[in-house]
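Me: I have a chain open here and want to get my bearings. Can you take me through it?

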Amino acid sequence: MSLSLTYIHKLYQHFNTVLRLSAKFALFPRNLLEISFILSTNLHLHLLYNKSVFKTSTSWEDSLSLIYHSKQWMETKQSTYAFVKFIKPKVMAGKKVLDIGCGTGAALYYIAKTFPNTQFNGIDKSKNLILLANQKLAKLEIANLKFNQGNLFRLKKLKQIDGVVSLQTISWVKELRKPMTQIFKKINPNWICMSGLFYEGDISCKTLVYDHSLEREVYYNTYSLKELNRISNFYGYKLTKVKPFKIDIDISEPKNKDHMSTFTIQIADSSDRLQISGPILLNWYFVMIEKSNNS
Ligand SMILES: C[S@@+](CC[C@H](N)C(=O)[O-])C[C@H]1O[C@@H](n2cnc3c(N)ncnc32)[C@H](O)[C@@H]1O
């Protein structure tokens with residue numbers, strides 16, 4: 001490891017400690033938080049190929065997650081481009097769309113730029129990620145985007161939301177029924193579009209991933225599409241469109257297998273690729289749920 005990298009690591013560790021202490025006492029020095037976010041951007045390669053020196057707790061604010069969020073600000077994900085195509089027929093000018101679990105807002109920023117005449121509001125349970133999202137937003141010229149703190153399990157009643165989007169969030173919370181019920185009852189949108197891990201048969205798997213070296217716990221749940229439809233039907237909605245997300249680039253397997261990091265394997269005699277992260281097969285889907293009486 002080069003001297004400068006060691007130095008950055010130490011600096012980053014220091015910021016991480018400050019962040020954790022600040023979080024404990026609900027104090028967030030804005031600049032430190034932002035510097036930590038920027039540092040994480042520079043550290044991601046190192047982190048993926050070397051044993052991590054970070055010790056972090058559960059949440060999407062830990063060092064590996066900050067890297068995940070900051071990478072999206074540098075490069076829009078293939079899945080975000082595909083998600084935009086999927087929602088395009090539903091997104092109407094003059095309407096409001098809520099993004100649940102927006103993180104630091106990179107994907108929603110791309111979506112809001114694509115549909116400038118629609119109003120987008122991103123919520124995330126993490127106060128700190130929303131702080132970072134708003135710091136980014138303050139430097140960007142975009143009129144149709146806002147970020148606020150909000151919890152998918154305790155949503156506030158909102159009126160006049162036409163659509164809900166949620167990217168890479170539903171499979172990373174502990175269950176399906178409660179959050180979906182919250183969306184149906186509290187938001188009551190005309191349509192909901194989510195990306196997540198799903199299975200066509202009537203089987204759901206709850207998977208809690210424990211990353212030992214980072215002391216990080218994360219759900220990677222795969223939900224039955226039939227169960228999703230049943231829950232939707234109960235609240236007067238139905239699953240109207242289901243599309244597997246087929247990635248069209250190769251991602252090589254990381255040398256260091258100690259962290260969750262997506263890679264692909266080409267399926268023999270097919271143009272399709274399996275997407276794998278750590279020990280988990282990722283059954284990526286985009287799903288559209290709409291009010292039954294709309295059609
Ligand atoms: C995998 S990240 C996805 C972030 C973003 N949607 C994206 O595509 O980059 C999952 C996000 O869900 C948020 N989240 C987890 N539980 C939540 C909850 N109960 N309510 C709202 N957001 C939640 C996390 O803080 C995190 O930012």
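Reply: Start with the terms: helices (H or I, at least four residues) and strands (E, at least two) are DSSP runs, numbered from the N terminus. This is a predicted model, where local features need pLDDT of at least 70, side-chain atom pairs count only at pLDDT 80 or more, and totals for chains, interfaces and linings use all residues. Residues are numbered from 1 along each chain as its sequence is written.

Me: How many helices and strands does the chain have?

Reply: The chain has eight helices and 13 strands.

Me: What pLDDT does the chain average?

Reply: The average is 85, and 80% of the residues score at least 70. pLDDT is the predictor's confidence in each residue, from 0 to 100.

Me: Where does it stay under 50?

Reply: Residues 23–30 stay under 50, and the model has eight contacts for them beyond four places in sequence. Residues 41–57 are also below 50, with 38 contacts beyond near neighbours in sequence. Two residues are in contact if their C-beta atoms, placed from the backbone, lie within 7 Å. Where pLDDT is low, the predicted coordinates should not be read in detail.

Me: OK, inside now. What percentage of the residues is buried?

Reply: Buried residues make up 30% of the 295 in the chain. A residue is buried if 20 or more other C-beta atoms lie within 10 Å of its own, exposed if 12 or fewer, and partly exposed in between, with C-beta atoms placed from the backbone.

Me: Which residues touch the most other members of the largest nonpolar core?

Reply: Leu 108, Ile 192 and Val 287 do, in a core of 45 residues. A nonpolar core is a set of buried Ala, Val, Leu, Ile, Met, Phe, Trp, Tyr and Cys residues joined through C-beta atoms within 7 Å.

Me: What is Leu 108 in contact with?

Reply: Apart from neighbours within four places in sequence, Leu 108 contacts Asp 99, Cys 102, Phe 120, Gly 122 and Leu 145. Leu 108 is one of the buried residues of helix H5 (residues 106–114), along with Ala 106, Ala 107, Tyr 109, Ile 111 and Ala 112. The buried residues of H5 pack against helix H3 (63–74), H4, E1, strand E2 (119–124), E3 and E4.

Me: What sits in the loop between E10 and E11?

Reply: Asp 269 lies there. Asp 269 has a positive phi of about 55 degrees, although it is not a glycine.

Me: Is Asp 269 buried or exposed?

Reply: Asp 269 is exposed, because 6 other C-beta atoms lie within 10 Å.
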